[in-house]
Amino acid sequence: MNTGCPDTAIRDDDRDALHVLPLAALEIETRALRSARLVKNNRVQSVVELFRGDEVGSGQMDIESLHTEFGWDMVNPPADLILLRKLALLPSFDVYSLRIAVRELGLNVNDMLALQLSEKKKAEISGYMKAFTEPLIAKIYGNENLKIDSFDDVLALFNDPDVRTVKARLEAMAKELQIEITAVPQFLEDFGDVFLSLSYFRNCMDQIEPIVDEFSDSISELEQSYQFKNNLMLMQTCNRVESTIINLMTAIGGRLETFERNTLDMWRDISAEKFCSAKENIQSYHRVIGGSLCALTVKMDSWAKHFPTRDTGGPTRRSEFIMSEMKEGMERLREIQAAA
């Protein structure tokens, strides 16, 4: 999908990813970098991916080494290097964390679509959104026979060709929320975005969970293996890696469940003020949740890529991968967990 950048198109998968930032989204002076991506590598560190492909792999370069590629003066570093250094510190490149960065760093964005989930992803998580949209409609419109399957259906309520129907719905929502009718559109925009973010993070977690379960099963097999159970270094590494991943998953899950539970409580006596409080609470954790899920996604995607099925690779290959790849970056995951 082209987001308006003159040099390259931004793929939907990049917009929807936690660990990818297409540099085409930002104002980059170095033309060769406009088609590059900032990505989190297996150590959960930010590197520049200059090229990628099924046959050529991923051409990654450390940010501080880019001067050798582009002939930059390191005494007076160019704006692009300064920008990349700032972006590299972000714990996640999901669109919600990026919006915070754009505000805080005063960044210029080529197209605001780059800071929104793709339509494909929105459709994918529409089922998660029902948990938030259905109580809204039930509270305000009661038993009115309205079919709501997605947030788009909520917005469609105000696109009815019958003007009187639309006005009645606007008045009902404004009255229940204790706001002016003119404030309803902004409320709906904020409502959709906040709970879309929760749905997105829940979706990301649900995608990681089965990989974590499979990884834990592999650890159990190694612990019970006659060949490896007496390998003290391997067993200690397996325990540290697994416990770090499980603890971080538990922390994220607990936070998301708290948000979801508090949201249900909000409907008992809904008001725009209560929603604003919930919105601020959820948004204050966007960066923490995004960073946690980003780190976990990077590690578990790496495992799934090398061992896509239970029959792929034997105990030896798996133990070698744990010792060489999975343990890398675990300190970063523990730092994220402490921050969370």
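Guide: Strand β2 (residues 37-40) and strand β3 (residues 46-53) run antiparallel and are joined by four bridges. Strands (E, at least two residues) and helices (H or I, at least four) are DSSP runs, numbered from the N terminus. This is a predicted model: local features need pLDDT of at least 70, side-chain atom pairs count only at pLDDT 80 or more, and totals for chains, interfaces and linings use all residues. Residues are numbered from 1 along each chain as its sequence is written, and side-chain values use heavy atoms, with hydrogens and water left out.

Visitor: Which residue stands opposite V48 of β3?

Guide: L38 does.

Visitor: In what order do the four strands lie in the open sheet?

Guide: Two strands pair if DSSP finds at least two bridges between them. Here the order is β1-β2-β3-β4, with antiparallel pairing. The edge strands, each pairing on one side only, are β1 (20-22) and β4 (57-61). From one strand to the next the twist averages 35 degrees.

Visitor: Which helix packs on the sheet?

Guide: Contact means heavy atoms within 4.5 Å. Helix α3 (residues 79-88) touches β1, β2 and β3, and its direction makes about 30 degrees with that of β2. Axes are lines fitted to C-alpha atoms, for helices over the stretch in contact, and angles run from 0 to 180 degrees between N-to-C directions.

Visitor: How should I read a nonpolar core?

Guide: In soluble globular proteins, nonpolar side chains tend to be buried together. A nonpolar core is a set of buried Ala, Val, Leu, Ile, Met, Phe, Trp, Tyr and Cys residues joined through side-chain atoms within 4.5 Å. Buried means under 20% relative accessible area, exposed over 50%, partly exposed in between (1.4 Å probe, protein chains only). The largest core has 73 residues, and M173, F195 and I245 have the most contacts inside it. Helix α9 (residues 184-224) gives the largest share of this core, 18 residues. A second, separate core of 24 residues includes L33, L81, A101 and L107.

Visitor: What does F195 touch?

Guide: Leaving aside residues up to four places away in sequence, F195 touches M129, F132, T263, M266, F275 and I282.

Visitor: Which residues of helix α14 are buried?

Guide: An α-helix has 3.6 residues a turn, so residues three or four places apart point the same way. In α14 (residues 330-339), M330, L333 and I336 are buried. Seen down the axis, the buried residues of α14 fall within an arc of 115 degrees, so they line one face of the helix. The arc is that of the directions from the helix axis to the C-beta atoms. These buried residues pack against α10 (232-266), α12 (286-306) and α13 (315-326). The face of α14 turned away from its buried side carries the exposed residues A338 and A339.
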